[in-house]
Amino acid sequence: MTTIEATRTLPVDPKPADAAIAPAAVEQVPAESALRIWTHRIIALLLATGMSIAAFWLYTRNNDFPYYFHPDEFKKGGMLMAPDQPRTFAHPGLMLEAANMLRLATHAEIESDLQAAVELGRRASAGMAALATFTLALAAFRLHGYAGLLIGGATVALCPPLLVHAHYFKEDATLIGAVGLTILAAVLIATSKPRLWTQLLAVLLLAIGCAAAGSAKYVGLAMTAPALIALLIAPNRRFWHAPVRLVLFLAVAGATFLAINFRAFTWENGSLVLNPGIQENVQWEVDHGMTGHYNLALKIPNTFTLRIARSDLMPHVWVFASLGVLWLIVRHRISRAGIVMLSFLLAWIVLLSRNAIPIPRYALPITVLAFFIASLLLSKLVYDMQLRWPVVGTIALVVSVAAVVVLQGQRCVNFNQQFLDDSRQRLRVWLAGNIPNAGMIAVDSYTGLQEPGDIVRFPDTPPLGNIQIPMTMYAADIASDLQGLADSGVEYVAVAWPGYMRFLDPEVRGWPEGSYADALFNRRRAFYVELFAKGQVAFESVPNPPTHSYVNPQVAVYRIKHLARPGTPRAVPQRQPPSMWQRIFG
């Protein structure tokens, strides 16, 4: 079937690889057909723009929670507040530069307001996540027309884990925005006509996307591998097209990376050199990723991020993927774009299996790509149905989009509500009303009890009075074991999932093995296992479903007074604030 024939068969959804987007197609069809092609392109751009605006609105709901509800946002906010915009480059510069551009564009007055600075950064993160909706919707349109745009765009815009991390002034959402741009460019290259000028435009976009990914997080530099695969398998009309594409890609990617991270470099004796201290910070971050998070390390390789991503995938995503795979088996065909998309997913799975840090947010690229690829698999089925049986295909499209909006939309609403109704605030209210003034409670720092609570949004937050709270990073560190803690006079223990989960995961260990840190890890693990086995639950808040982040974490208070041995001398722990090391690196 030719391009024109396909357009006549289904006017509302022309064959995208030839008619809907491809610039080369314009030169091969009559003027009226070219007009229809550009009309479809403009409609697609408008739909993708509308989806990204709606996603940005959704990602910025209830994002005014206190900055200290996340252990790391205040460092970013502090750099954004400073007039000279300092950078440590523990992470590359894209996220902070995007936030600074937003500050300049909006004339935001944040120099003396850390909360305002962090909220500004959160809006920048939301903008980068919305960019992923825009680019991936267009990539899906390129592959499967309006079926791809509507199903794929809605799936990404309403991806619940993406919504969660778009609420934080952290690098994760920025990385996804850059990855989305890279995927769009890779899809354009893999599906474009073998004309050099059209491919070079796509190569420019691919280079910018890869540089942006590497400037969001250093691990984003790994996007170079699937990008090179796209360059290698792109169609060629002349033998020298491939090397020209490669040279252009490397040159533009390098220049873009330098431009985004310009604060890391200075001119010295006619040469571009790293500023003092930057190389050490970069090396520290690389070593951190390979050796673990402050003496907590995953074995390498591991399945930690893969398990987190799998738990984040909703049932309908598996259904979408299964239907799409069955259709591919029936058709006995996989496209260049399919190979490229698979290479992106496999690159992240392999790369993150080498990550030693047990932090769930690192799984976000795998999760978002899994959602998106499942939507592509389904949209290919729906697209083919539209070509063969237009009425049935249209019904399938409506049902598919409705399923995404209802199922994922409901979870997004749930997650947004969790940002407003946080378990740590409820814990504070419960403690104020149920623990006597003379009572003593040991806490994990992730319970947030060392901070004043959400006093801006909830000004009637009750004070904790004279409740005695010995402060350490982990409740397990107050005494040598649970029995010793009970004997010391502590009556309750409050714990939070972000803290204790790392001691209960089967793939996490103390590092280096055989060291004091390893022994400390084993003691902490034994403490939490015994606490959950012998403690009496006095209060518990379990999110349904969990976000695998710092919002509304699972928290619980266990009563251990019954474990104290009669007549044991009480060595009462003293209340002390957490150290700066604990506050920053917890």
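**Reading the labels**

User: Which helix gives the largest share of the lining of the second largest cavity?

Analyst: Helix H21 does, with four residues. Helices here are DSSP runs of H or I with at least four residues, strands are runs of E with at least two, and both are numbered from the N terminus. Before we go on, please note that this is a predicted model, where local features need pLDDT of at least 70 and side-chain atom pairs pLDDT 80 or more, while totals for chains, interfaces and linings use all residues. Residues are numbered from 1 along each chain as its sequence is written, and side-chain values use heavy atoms, with hydrogens and water left out.

User: What makes a space a cavity, and how many cavities of 30 Å³ or more are there?

Analyst: On a 1 Å grid over the protein atoms alone, a cavity is a set of points where a 1.4 Å probe fits but cannot get out; a pocket is an open set with protein on both sides within 12 Å along at least five of seven lines, and lining residues have an atom within 4 Å of a point. The search of the whole structure finds seven such cavities.

User: How is the lining of the second largest pocket made up?

Analyst: It has 14 nonpolar, eight polar and eight charged residues. Nonpolar covers Ala, Val, Leu, Ile, Met, Phe, Trp, Tyr, Cys and Pro, charged covers Asp, Glu, Lys and Arg, and the others, Gly among them, are polar. Those nearest the centre of this pocket are Asp72, Lys75, Lys76, Ala90 and His91. Its volume is about 590 Å³, and helix H13 (278-291) gives the most to the lining, with four residues.

User: Why is the pair Tyr500 and Phe532 called edge-to-face?

Analyst: Rings of Phe, Tyr and Trp (its six-membered ring) pair if their centres lie within 6.5 Å; planes under 30 degrees apart are stacked, over 60 edge-to-face, and the rest tilted. The centres of Tyr500 and Phe532 are 5.0 Å apart and their planes stand at 75 degrees, so the pair is edge-to-face.

User: How do you know whether Cys412 is bonded to Cys159?

Analyst: A disulfide is a pair of cysteine sulfur atoms within 2.5 Å. The closest cysteine sulfur to that of Cys412 is in Cys159, 7.6 Å away, so the two are too far apart for a bond. Cys412 is also buried, at 1% relative accessibility. The structure holds zero disulfides.

User: What makes Arg41 count as a charge over a ring?

Analyst: The rule asks for NZ of Lys or CZ of Arg within 6 Å of the ring centre and within 35 degrees of the ring normal. The charged end of Arg41 sits over the ring of Trp38, 4.2 Å from its centre. Likewise, Arg424 lies over the face of Phe69, at 4.3 Å from the ring centre.

User: What stands out in the backbone at His548?

Analyst: His548 has a positive phi of about 55 degrees although it is not a glycine. This residue lies in the loop between strands S7 and S8, and its 14% relative accessibility makes it buried. That loop also holds Pro545, which is joined to Asn544 by a cis peptide bond with omega near 0 degrees.

Definitions and conventions:
Grid points are joined across faces, edges and corners, and a volume is the space filled by probe spheres set on the points. Buried means under 20% relative accessible area, exposed over 50%, partly exposed in between (1.4 Å probe, protein chains only).
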